[in-house]
Amino acid sequence: MYASSHTRRAGRRTALASLGMNRGIAPSPKQRALRIEPLEARMLLSAISWKGDSGYRTDPNHWSGGVVPGPADDVTIDVPGITVTVSSSAPQSVRSLYSTATLVIDGGSLTTATNSEIASPGAVDVQAGSLYLGGGESTGTFQVAAGAGLGLTGQVLGPTSSVTGAGG
Amino acid sequence: MTLDACTVEGTYAITGGTTLVGRNDFTSTSTVASVGASLYIEGTATFQTVIGTGITELDSLTLGGALDLGSNAFTVANVDIQGAR
């Protein structure tokens, strides 16, 4: 239902009056004061890829840009045949992960926040600690030792994938 | 192991404990490979085929195919078998 033009005009006058801004009345200095609104926090996302042969995730020399990826980073490890080891007592996280390598978790935890893919011939071997993957589609394999943890949320594990092991 | 809202088209096998949270769909063979292994379902899981020896604890299980538990006992609170019984 639409308000009549009379009703709309009356409403506008009421609103202007409440602001002291009716025609002919200048706004007060207080009303003219500048308003400063804070900007929301921004997170700078970046794509980081693995360089070279096998190694530890925490070695900055293996990452493009020379910095170990963190929670805001999209990580690519597209080097089939190598092993990347996650070995830390502290929880580690990245935004997303694409890997064709063998990812060994032998301590601590690694969490991905969003779409991640373990692509064949890639594999995950959780020997200790835990791996948590967000959504995505994987064709690689997952092996989980007794006492270790694997958490998959919204993952599609394709026909060539497998999940085996005792788990925690 | 915990799976939440996953689709498993490959092979899924457990020898320890697994918790399924939310809806999970298994379109290939799932194997519970050792006595004492357990599969705990908090949401709904649809299995095409489950071959197991150690399932002891299920809240909800929907089967589109066969469930082979050998001679092992198990308890299911809610069962919906869509295929042959």
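Chain B has zero helices and nine strands. Helices here are DSSP runs of H or I with at least four residues, strands are runs of E with at least two, and both are numbered from the N terminus. Along the sequence, chain B reads β-β-β-β-β-β-β-β-β.

This is a predicted model, in which local features need pLDDT of at least 70, side-chain atom pairs count only at pLDDT 80 or more, and totals for chains, interfaces and linings use all residues. Residues are numbered from 1 along each chain as its sequence is written, while chains are lettered from A and ligands numbered from 1 in the order in which they are written.

**Chain B overall**

The C-alpha atoms of chain B fill a box of roughly 30 × 30 × 25 Å along the principal axes. Of the 85 residues in chain B, 32% are buried. A residue is buried with 20 or more other C-beta atoms within 10 Å of its own, exposed with 12 or fewer, and partly exposed in between; the C-beta atoms are placed from the backbone. Contacts are C-beta pairs within 7 Å, again placed from the backbone. In chain B, 2% of the contacts between residues at least 6 apart in sequence join residues at least 24 apart.

**Chain A and its strand pairing**

Chain A has two helices and 13 strands. Its 168 residues are 32% buried. Of the contacts in chain A with a separation of 6 or more, 16% are between residues 24 or more positions apart.

Strands pair if DSSP finds at least two bridges between them. β8(A) spans residues 123-133. The table gives its parallel pairings.

| Strand pair | Bridges | Sense | A bridge partner pair |
|---|---|---|---|
| β8(A) and β10(A) | four | parallel | A:Ala123 and A:Thr141 |
| β8(A) and β11(A) | Four | parallel | A:Ser130 and A:Gly149 |

**Inside chain A**

The largest nonpolar core has 47 residues. Such a core is a set of buried Ala, Val, Leu, Ile, Met, Phe, Trp, Tyr and Cys residues joined through C-beta atoms within 7 Å. A:Leu103, A:Ile105, A:Val126, A:Leu131, A:Val144 and A:Leu150 touch the most other members. Beyond four places in sequence, A:Val126 has contacts that include A:Ile105, A:Val144 and A:Leu150.

A:Ser130 lies in strand β8 of chain A. A:Ser130 counts as buried because it has 21 C-beta neighbours inside 10 Å. Not counting residues up to four places away, A:Ser130 touches A:Ser109, A:Ala148, A:Gly149, A:Leu150 and A:Gly151. A:Gly154 is 24 residues from A:Ser130 in sequence and 17 Å away, C-alpha to C-alpha.

**Where the chains meet**

On the chain A side, 21 residues contact 18 residues of chain B. β11 (149-153), β12 (155-157) and β13 (162-165) of chain A each supply at least two residues to that side. β11(A) gives the most, with five. The chain A side holds nine nonpolar, twelve polar and no charged residues. Ala, Val, Leu, Ile, Met, Phe, Trp, Tyr, Cys and Pro count as nonpolar, Asp, Glu, Lys and Arg as charged, and the others, Gly among them, as polar.

Strand pairing also crosses between the chains. β13(A) runs parallel to β3 (residues 11-14) of chain B, joined by two bridges. B:Thr11 is the bridge partner of A:Ser162.
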